[in-house]
Amino acid sequence: MAIDQGTTSSRAILYDATGQQVSIVQREHRQLYPAAGRVEHDATEIRRQVEASIGRVIGAAGITPAQVVAIGIANQRETTVLWDRRTGVPVGNAIVWQDTRTEDLVTRLAGSAGAAEVTRRSGLPLLGYFAAPRIRWILDRDERLRERAERGHILFGTMDSWLIWNLTGGPDGGVHVTDVTNAGRTMLMNLRTLDWDDPLLTFFGVPRAMLPEIRSNAEIYGHTAIAPKGIAIAAALGDQQAALFGQTCFEAGEAKCTYGTGSFLLANTGTEPVYSTHGLLTTVGFRIGDEPARYALEGSMVATGTLVQWLRDRLGLIDAAPEIETLAATVADNGGCYVVPAFSGLFAPRWRAEARGVIAGLTSYITRGHLARAVLEATAWQTREVVDAMNADSGHALAELRVDGGMTSNHLLMQQISDALGIPVERPLFSETVSRGAAYAAGLTVGLWPDMTGLRRNRHTAARWQPTAAADRREHEYRQWSRAAELTYNWHEPVPR
């Protein structure tokens, strides 16, 4: 069983020994926006949905709980939960990875002693995107809460830790663990030792007593203490690393991009971390049991699927997300219109937290179709600049891009991405590779699959797109979009009081 705890929904999915999906249960959870730039989830709501989904997906498959050999968990990564060890009650809503409330705190931290060491130790730039500033922000607002955290009465976790702790008993003996991929997104883990780093803990003011134990991605952490009881929880990976694993990108140089709410491009760099000089993140790709960790370079694009949702929900130009492909196909090009969706700033490789979105090149000629096409192209050009950065960091050009996620059902978008990159784009038969990666890792742990070579045989190609755009046209359009991206800079500044 895979539990895929995502940004907008949680799913439980059962796979058989051949890697085929047997049954699925999915529940959306609320998106809470208490103020501009703030995004929250109710962690208790998510926990209840996940717990209920386990029994329901087993029932939907018509099997018994004894036939489920293991559970693997994939989760939204930087989303931050603090809760009371004795009661299991969160101290507040979870702060979601899209949230920007810690910008001012990060600016202050960037000017303090030790800031230069953050990237060298954690592999991550000092940004509010990651969990450590969120922990600090919460603790700074309540001195009594900080004192309880220092005594270990308040626990921290990303969503993997929150779920594992509750599934294994919660206040009655729940296991407080995380895995290397989620721990690596906190800015508190040393990228080489794969343990919490004392200088980073001191810099961010985070007590070690509140942190989970860091484990590999594939080992038995514990067993379910809720009904159905006794199922081994045998894997946990951050969602994008789960997709890397599900795409069987096991060797250095293999890369995937998951297109969802945001989009994330990861490339396996082998057993040594490659420190980016072009705006990418250095992160743990995966670690199986006692084997050496595999590292990755990552480029994060925060607004891709959310841009289509904005077109649907805020502007009302389409009634359902799939309609954007039909609308965009009514025109041959973008009509000179370019969209840069910096709703929460620009992420990799630009990292401009103050940027805000623009629509550039508007004329009276522009129609709904042109705008829809420009919206899709925004995802293609964001992918292009991340791939360019990755090629520069790795020293060799990416030969093909494996893609997955909900947006890959849009054939026009996939063709646009291939044209923007000038390389083939390949989608597997089963595009939801996040849950598949979690299931694969859990199955490896308990011996359902003997090795990673066997997992490669489960992968089959469903579609492949070849570039068709002329090189000069591609470069012209990329330059135009890049000019538009530069217009987003320096928009957000504190409001005078």
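This is a predicted model: local features need pLDDT of at least 70, side-chain atom pairs count only at pLDDT 80 or more; totals for chains, interfaces and linings use all residues.

Colleague: Fine. At what angle do H12 and H13 cross?

Modeller: Roughly 40°. Their axes come within 9 Å. H12 covers residues 368–394 and H13 covers residues 411–421. The two helices are therefore oblique to each other.

Colleague: Is the crossing left-handed or right-handed?

Modeller: H12 passes H13 in a right-handed crossing.

Colleague: Which residues in H12 and H13 meet?

Modeller: From H12, the list is Arg373, Leu376, Glu377, Thr379, Ala380, Trp381, Thr383, Arg384 and Val387. From H13, they meet Leu412, Leu413, Gln416, Ile417, Ala420 and Leu421.

Colleague: And how many nonpolar, polar and charged in that contact of H12 with H13?

Modeller: Nine are nonpolar, three polar and three charged.

Colleague: What is arginine 373 in contact with, neighbours within four places in sequence aside?

Modeller: Ala328, Ala329, Val331, Ala332, Asp333 and Asn334, plus Leu412 and Gln416. Arginine 373 and glutamine 416 are 43 residues apart along the chain. Their C-alpha atoms are separated by 9.7 Å.

Colleague: Switching to H2. Which residues of H2 are buried?

Modeller: Glu103, Leu105, Val106 and Leu109, in a helix that spans residues 103–110. They cover an arc of only 160° around the axis, so they sit on the same side of H2.

Colleague: What's on the face turned away from that buried side of H2?

Modeller: Asp104, Thr107 and Arg108, which are exposed.

Colleague: What covers the buried residues of H2?

Modeller: The cover includes helix H3 (115–122), helix H4 (131–140) and helix H8 (198–204).

Colleague: Take H3. Which of its residues are buried?

Modeller: Ala115, Val118 and Ser122. Seen down the axis of H3, they fall within an arc of 35°, so they line one face of the helix. The buried residues of H3 pack against H2, H8 and strand E15 (281–286).

Colleague: What follows H3?

Modeller: Glycine 123, with a positive phi near 85°.

Colleague: Now H4 and H5. How do they pack?

Modeller: At an angle of about 120°, with axes 7 Å apart. H5 spans residues 143–150. That angle makes H4 oblique to H5. H4 brings Arg136, Ile138, Leu139 and Asp140 to the contact, and H5 brings Glu143, Leu145, Arg146 and Ala149.

Colleague: What classes are in the contact of H4 with H5?

Modeller: Four nonpolar residues and four charged ones, with no polar residues.

Colleague: Last one: where is asparagine 268?

Modeller: In strand E14, residues 263–270. Asparagine 268 is buried, at a relative accessible area of 2%.

Colleague: And what is asparagine 268 in contact with, again leaving aside neighbours within four places in sequence?

Modeller: Leu244, then Cys249, Phe250, Glu251, Ala252, Gly253 and Glu254. Asparagine 268 is also in contact with Phe286, Arg294, Tyr295 and Ala296.

Methods:
Residues are numbered from 1 along each chain as its sequence is written. Side-chain values use heavy atoms; hydrogens and water are left out. Axes are lines fitted to C-alpha atoms, for helices over the stretch in contact, and angles run from 0 to 180 degrees between N-to-C directions. Helices (H or I, at least four residues) and strands (E, at least two) are DSSP runs, numbered from the N terminus. Angles under 35 degrees count as roughly parallel, over 145 as roughly antiparallel, 65 to 115 as roughly perpendicular and the rest as oblique. A crossing is left-handed if the near helix is turned anticlockwise from the far one by less than a right angle, and right-handed if clockwise. Contact means heavy atoms within 4.5 Å. Ala, Val, Leu, Ile, Met, Phe, Trp, Tyr, Cys and Pro count as nonpolar, Asp, Glu, Lys and Arg as charged, and the others, Gly among them, as polar. Buried means under 20% relative accessible area, exposed over 50%, partly exposed in between (1.4 Å probe, protein chains only). The arc is that of the directions from the helix axis to the C-beta atoms.
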